[in-house]
Amino acid sequence: MQAVTSTQPDSRHLWADFVRNIGILLVILGHVSGMVLQRGDRIPFFDWLVGDLFNVIARACVPLLFMVSGALLLPRQESLRDFYRKRFQRVIFPFLFWSVLYLLWNRAGFQNYTFFNAVKTIVITILITPAEYHLWFMYELFGVYMLTPLIRKAVDGKYETILWYFMAIWFIFGPLKRLFQTFVPYDIIFDLGYLTGYIGYFVLGYLLARIAIKKWMVWVSAFVYLVSALFTGGITAYYFIYRPGMTEFYQYLLGINILFLSASAYILLKAAGEKIFSVPRPRLAKWAVSLTSASFGMYLVHVFVLNFLRVNSLGPLDGSPWVMIPLTTILVFIISWVLIAILQKIPILRSLVA
């Protein structure tokens with residue numbers, strides 16, 4: 001990874017801050033544009049196509065977050081106790097708090113429960129399903145965290161080939177297997193379960209971060225990204241017209257087309273981040289670090305903000321999608337950032353948005 005000059009914040013990988021922040025922006029864009037896609041049977045087809053375009057741009061969002069997390073977390077060496085203590089403080093406790101908050105917000109009937117039954121219902125609900133649609137990411141993240149101490153054992157120049165071997169297995173029994181089974185009337189019995197999930201992006205992010213990006217890699221990545229984006233948008237539109245039930249397959253974040261889209265986007269954004277911060281930019285670096293410190297809280301709170309704007313006629317369907325999708329995305333991004341920045345200033349609430 002690129003060394004950070006002494007005029008920049010110490011021990012920061014500023015390119016990673018850049019990638020993470022873009023990832024959060026794309027998460028919001030994906031949820032905003034998704035509102036348009038979900039109403040495809042009630043809006044003009046051209047408006048749906050605009051939503052499809054923005055949604056394709058956003059598809060790399062979650063893979064980018066997993067990849068940058070892998071790049072930053074896997075090289076660290078710490079005890080199991082320290083690792084899980086930090087994860088509990090920074091991730092699990094905020095997740096539980098915001099899950100309860102979303103449940104209480106969405107289920108007004110809780111006021112008719114006894115205290116015991118309300119607590120019981122909340123606990124069971126959190127254990128079996130996300131309290132709000134975007135919180136599915138947290139359950140996947142917890143699984144990745146459980147495997148992180150094991151994967152760290154291979155983070156060494158001596159054993160790194162094992163990680164590339166893992167990526168080959170992940171690719172064959174994950175994206176490639178899903179593609180194969182979609183077009184042939186057979187089910188392959190070999191199933192590696194969780195090892196074919198988002199853990200692959202986590203490891204891939206670390207491995208790609210170890211590679212010095214050359215100019216030709218940028219051009220190849222740009223070509224792959226463009227082809228993947230055009231394919232994803234085009235095939236989604238085609239199946240929306242002729243076979244609506246198939247559109248979700250090509251939007252699936254573990255699909256082979258999204259893998260190529262996300263990996264190429266990661267390389268491009270990493271190269272861009274390294275280029276931007278290749279010279280000292282203290283003020284921009286300060287903003288990047290500040291935004292990164294708020295990014296987790298922004299992920300948790302942005303659905304509250306999005307729902308508030310939608311109820312108050314500032315959603316993606318309250319006007320031309322060309323205007324309202326980016327406008328709503330920017331508004332949600334800024335308001336979420338401001339809210340989290342305020343909460344971070346309050347000592348008793350700071351730990352809820354760490």
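Trainee: Which residues does Met-138 touch, not counting residues up to four places away in sequence?

Mentor: This is a predicted model, in which local features need pLDDT of at least 70, side-chain atom pairs count only at pLDDT 80 or more, and totals for chains, interfaces and linings use all residues. Residues are numbered from 1 along each chain as its sequence is written, and side-chain values use heavy atoms, with hydrogens and water left out. With contact meaning heavy atoms within 4.5 Å, the residues that Met-138 touches are Val-91, Phe-95, Phe-296 and Leu-300.

Trainee: How many residues are in the largest nonpolar core?

Mentor: A nonpolar core is a set of buried Ala, Val, Leu, Ile, Met, Phe, Trp, Tyr and Cys residues joined through side-chain atoms within 4.5 Å, where buried means under 20% relative accessible area, exposed over 50% and partly exposed in between, with a 1.4 Å probe and protein chains only. Met-138, Tyr-201 and Tyr-266 have the most contacts inside the largest core, and its residues number 94.

Trainee: Which helices do the buried residues of α13 pack against?

Mentor: Helices are DSSP runs of H or I with at least four residues, numbered from the N terminus, and α13 covers residues 321-344. Its buried residues include Met-324, Thr-328 and Trp-337. The helices that the buried residues of α13 pack against are α1 (14-37), α2 (45-58) and α12 (282-311).

Trainee: Is Leu-127 buried or exposed?

Mentor: Leu-127 is found in helix α5, residues 115-128. Because its relative accessible area is 67%, Leu-127 is exposed.

Notes: Helices (H or I, at least four residues) and strands (E, at least two) are DSSP runs, numbered from the N terminus. The expected span of a helix is 1.5 Å times one less than its number of residues.
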